[in-house]
Amino acid sequence: METRIFENKTEDLKAAAELIRGGETVVFPTETVYGLGANALDSLAVKKIFAAKGRPSDNPLIVHIADFEDAEQFAKDIPETAKALAEKFCPGPLTMIFKKKDCIPSEVSAGLDTVGIRIPKDETARAFLKECGVPVAAPSANLSGRPSPTSFSHAFCDMNGKVSGIIKGEDSEVGVESTVLDMTAEVPTILRPGGVSREEIEEVLGKVLISSELKKDDIPKAPGMKYKHYSPKGQVYILKGENEKREEFIKKRSYVTSVAVIAFDEMVNADFGDARVLSFGSDKSPEDAAHRLFDILRECDDLGAREIYAPEIPDDGLWRAVKNRLYKAAGARIIDAETAKSVLFVCTGNTCRSPMAEGIFNISGKNAVSASAGLFAAGGKASENAICAAAELGADIKNHESQQLTYEMLENSDIVLTMTESHKASIPDKYNVQTIAEFVGDMGGIADPYGGDVEIYRKCAIQLKDLIERMKL
Ligand code: TXA
Ligand code: MG
């Protein structure tokens, strides 16, 4: 599909709006993140959004309009409290959920009887929405699973060729998505922390709830919150601890090609060895962190970072939105710089057994990081069947690159685990090497599944998982 690029000028915005009214998709800037829009009243147009993003259709879309007064055309039972909130935060990074009117198709609400309404503040977005004259359903304009786009170049990278138009605007000022506030709940409930903080909302409404603080079955959360999101290709870790310990820990990971550190300015002059340092702004400024976060996560991919270390994030105000995104990217992997172990798995070619072990270990919730290498590694990805068998156990190793074992790796790992006795025998005794079975008090090796069918790989992966679960570090 040819994608037209529009500038922020009247005739371009008119042309883009015409595409929307004609049932096509257009990406537009907002102050939170770029959105991927289509006419919210046109089911067929809305379906094109899901197709362009590769998004599951059980995830509802936010409806964007230029003026809060128009909300009544699409939502019913709008309470007075919502009007008070709108007064303060609309236009702005707040989405309110109301009961929907029938004109909103189920493709937008993903079958729910509610609709999320947002009035963006970004001037280009407002001018565009006014030209559209119809409500515009729009999720963030990233490919599903990728960090949300906060600049034209991010949006172009993900959506060129997949949508009819992209409006080129400024970088998103806020940088994290809107706060999603459920106004249909008995006590208004934040389903997704975002650009407007709980404290700011409470100043207007009094006490509100946050869905993550509720018991699991109390309330359906925003369906979107259950998906893996915001993830760069490398593994993100939240690294706790004193600055010095963190520095030391990251420095010892220098052998990994490559490591990125997301660091507050107060820490950017620390010695992180070979790691690339990405500035998160001052630790006093959640605004800076929010503004930079998604750009940083994308940069980690551009750098080809395998491991990404991020700091702990406070739990109040706008920090909560930053924390929510970053900890999701980390898949809740929080490790302690002082006590976390670094584990190295070794096999022959680093395409089957050791990458599966590394992947499975990385989702086991241990206070540790792991890497893998081969005694005779020739480069390349993990084998198809290894990727498949690991995926069945929830481990994603499709980005793995096979690497040759080096002395530097051995020297900088706390624990080296081989698949077999013969691997172990190839490594000098002075390193703390054991077979993976020996480490948990078992005997025997992990047979090489190389060349076998997927069932053989499956057995191997399950055997590794069992051993990893029994590891005490
Ligand atoms: O800042 C934003 O909100 C951006 C810009 C483009 O406006 N949009 C955005 O949309 O982030 P999206 O689709 O990526 O995320 C919308 C979130 C999802 O978690 C979704 O499940 C939730 O809002 N949501 C939308 N409608 C809902 C509804 N009726 N009930 C519950 N949750 C809803
Ligand atoms: Mg999104």
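Modeller: Happy to! Ala110 is partly exposed, with a relative accessible area of 21%. Keep in mind that this is a predicted model. The label follows from the cut-offs: buried means under 20% and exposed means over 50%, so the 21% of Ala110 puts this residue in the class between them. Ala110 sits in the loop that runs from α4 (106-109) to β7 (114-118). What makes its backbone worth a look is phi, which is near 50°, a positive value in a residue other than glycine.

Asn350 belongs to the loop between β18 (341-347) and α11 (353-362).

While we are on the backbone, let me point out two cis peptide bonds. One joins Cys90 to Pro91, with omega near 0°. Pro91 is placed in the loop between α3 (80-89) and β6 (94-100). The other goes from Thr257 to Ser258, with omega near -5°, and here the second residue is a serine, Ser258. You will find Ser258 in the loop between α8 (243-251) and β14 (259-263).

The loop between α8 and β14 also holds Ser254. Ser254 has a relative accessible area of 17% and is buried, because that value falls under the 20% limit. Beyond residues up to four places away in sequence, Ser254 touches Phe272, Gly273, Asp274 and Glu408. Take Asp274 from that list: Ser254 and Asp274 are 20 residues apart in sequence, while their C-alpha atoms are 5.2 Å apart in space.

Now for a helix. Phe128 is part of α5, which covers residues 123-132. With a relative accessibility of 0%, Phe128 counts as buried. Setting aside neighbours within four places in sequence, what surrounds Phe128 is a set of contacts with Leu13, Ala16, Ala17, Ile20, Val26, Phe28 and Ile167.

Not counting residues up to four places away in sequence, Val440 touches Leu467, Arg470 and Met471. Between Val440 and Arg470 there are 6.4 Å from C-alpha to C-alpha, although they are 30 residues apart in sequence. Gly451 also lies between α15 and α16, but Gly451 is exposed, with a relative accessible area of 68%. The C-alpha atoms of Gly451 and Cys352 are 9.8 Å apart, and 99 residues separate the pair in sequence.

Let me step back to the whole chain. The fold has 16 helices and 21 strands. The domain assignment gives domain 1 as 4-210, domain 2 as 235-336 and domain 3 as 341-469. Taken over C-alpha atoms, the centres of domain 1 and domain 2 are 29 Å apart. Across their boundary, 24 residues of domain 1 are in contact with 14 residues of domain 2.

As for overall dimensions, a compact globule of 473 residues would have a radius of gyration near 23 Å, and the 24 Å of this chain agrees with that. The C-alpha trace spans about 75 × 45 × 45 Å along its principal axes. Of the 473 residues, 56% count as buried. Among contacts with a separation of 6 or more, 68% come from residues 24 or more positions apart.

Finally, the surface and the charges. The accessible surface of the chain is about 20100 Å², and carbon and sulfur atoms account for 48% of it. There are 58 positive and 74 negative side chains, and 3 Å separate the centres of the two sets.

Terms used. Residues numbered from 1 in each chain as written. Chains lettered and ligands numbered in written order. Predicted model: local features only at pLDDT ≥ 70, side-chain atom pairs only at ≥ 80, totals over all residues. Heavy atoms only, no water. Helix = DSSP H or I, 4+ residues; strand = E, 2+ residues; numbered from the N terminus. Rg over C-alpha atoms; globule rule 2.2 N^0.38 Å. Buried < 20%, exposed > 50% of the residue type's maximum accessible area, 1.4 Å probe, protein only. Contact = heavy atoms within 4.5 Å. Areas by Shrake-Rupley, 256 points an atom, 1.4 Å probe, with all protein chains shown as cover. Lys, Arg positive; Asp, Glu negative; His and termini not counted. Charge placed at Lys NZ, Arg CZ, Asp CG, Glu CD. Domains from an automatic or database assignment.
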